[in-house]
Amino acid sequence: MTNHEGPGITRRRLLAGAAGGLALALTGGRLWSPAEEAAAETGDQPAAQPLITHVARPLDAETPSQVFTQYLTPNDQFFIRSHFGPPAPALVAPASWRLSVAGLVERPLSLSLDDLSKFEEVSMTAVVQCSGNGRAFHRPKAPGVQWETGAVGNARWTGIRLRDVLQRAGLKARAQHLQLQGADRPVVASVPLFVRSIPLKKALHPDTILATRMNGAPLPLLHGAPLRLITPGWMADSCVKWLTDLTLQAEEARGYYMETAYRYPSRPVKPGEVLAPEDLKPVEAMVVKSLIAFPKQGATLSSSAVMVQGVAWTGEGHIEKVEVSTDEGKTWEQARLVGEDVPYAWRQWQFLWRTKGSGQRTILSRASDDRGQVQPMSSPWNPGGFLWNGVDRVQVQVTEA
């Protein structure tokens, strides 16, 4: 079994949890924490945060940022996104479900779940993020679901390598792209099917997997059961849910969701500018990004020492540092990265903020990766509102301790 974390996963999580306690000791005083904030609000023990619903049918809902104080995002708090909602139960029933492998292959396959279970099992922790996460912050406003910060999550995915299945089928020389389709269907027949494709190089990457489990549990229906593609480091538009059909072909997939939607300008553009097809490329890898998980927007903090917490991630690279500013970006101080550097997973970070005086304050965070990407103050506008990675910011009210 492939395990990017190995036995260190338990140790890392323990270290991450212990880090807060260590910081408490170092401050030598009262430290405002996520649990304390939740208890202050409810008068009780912290409770699970419900998802924030943007669209009820099909359900599009994002994760509250406070949940990201956890390394792994729980399945029932992981963001939910699809174009048509889950397929009819009969179409994904384990007894009758099949994965078809066809097109430019030597041996077309029709595989059951039992057939897939005979391939070598692999696991990895990886961020999955909607391409439109942060769309709400673009100005002028871009059309689509107005995601803020929570259309992202970090989970441990278990399944089999896509490469192993494709090699079983045998690829013909002309195969350059893999078309993907799931069992979900639009309510109206005139609406195009959700069909995507990825280049063969990504399909054959040893870390691209067909997942059947999420955080140790069977893959939930809303997250793509019984089979979901995970393309680590890439945006979730290629992580097709309810997967049923793999087709090897010479060209990219055709259709609305590949030729029109989920495309990003290859050059800077102005709002309203008409773009030629050659000026647009498919959305693929994630860009560097960080989020502040604690304190939350609008919180009131009655302490002179606050442990600011968050997460940072990037596409196929590594997070090198996270910086925090409490003076609107005039100066930045480096946060402490927590835990191990795991490929494709996010990195937790902490910053001990010693507040001065009282009043409204703004906390900013920005991440940098090993490919030279630095989170900008604001992302370039684009027609789809994709790939927002402007610095994260929360406003809080500081009162005298």
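Colleague: Which residues make the nonpolar surface patch?
Modeller: Val187, Val188 and Val191 make a patch of about 280 Å². Patch residues have over 30% relative accessible area and no salt bridge; like charges are joined within 9 Å, nonpolar side chains (Val, Leu, Ile, Met, Phe, Trp, Tyr) within 5 Å. A salt bridge is a side-chain nitrogen of Lys or Arg within 4 Å of a carboxyl oxygen of Asp or Glu. Areas come from the Shrake-Rupley method with a 1.4 Å probe, and for residues only the protein chains shown count as cover.

Colleague: What should I know about the model itself?
Modeller: It is predicted: local features need pLDDT of at least 70, side-chain atom pairs count only at pLDDT 80 or more, and totals for chains, interfaces and linings use all residues. Residues are numbered from 1 along each chain as its sequence is written, and side-chain values use heavy atoms, with hydrogens and water left out.

Colleague: Back to Val188. Where is it found?
Modeller: In the loop between strand S7 (177-182) and strand S8 (195-199). Strands (E, at least two residues) and helices (H or I, at least four) are DSSP runs, numbered from the N terminus.

Colleague: Why does Val188 count as partly exposed?
Modeller: Because its relative accessibility is 44%. Buried means under 20%, exposed over 50%, partly exposed in between (1.4 Å probe, protein chains only).

Colleague: New topic. What is the strand order in the open sheet of four strands?
Modeller: S15-S17-S21-S20, with antiparallel pairing. Strand S15 (289-294) and strand S20 (336-338) are the edges, each pairing on one side only. Two strands pair if DSSP finds at least two bridges between them.

Colleague: How many bridges link S17 and S21?
Modeller: Eight, between residues 305-313 of S17 and residues 347-354 of S21. Val306 has Trp353 in S21 as its bridge partner.

Colleague: And Gly317, buried or exposed?
Modeller: Buried, with a relative accessible area of 11%. Gly317 sits in the loop between S17 and strand S18 (319-325). Leaving aside neighbours within four places in sequence, Gly317 is in contact (heavy atoms within 4.5 Å) with Asp370 and Arg371.

Colleague: Which residues does the cis peptide bond with omega of about -10° join?
Modeller: Arg57 and Pro58. Another cis peptide bond joins Arg139 and Pro140, with omega about -5°.

Colleague: What is phi of Trp242?
Modeller: Near 50°, a positive value in a residue other than glycine. Trp242 counts as buried because its relative accessibility is 1%.
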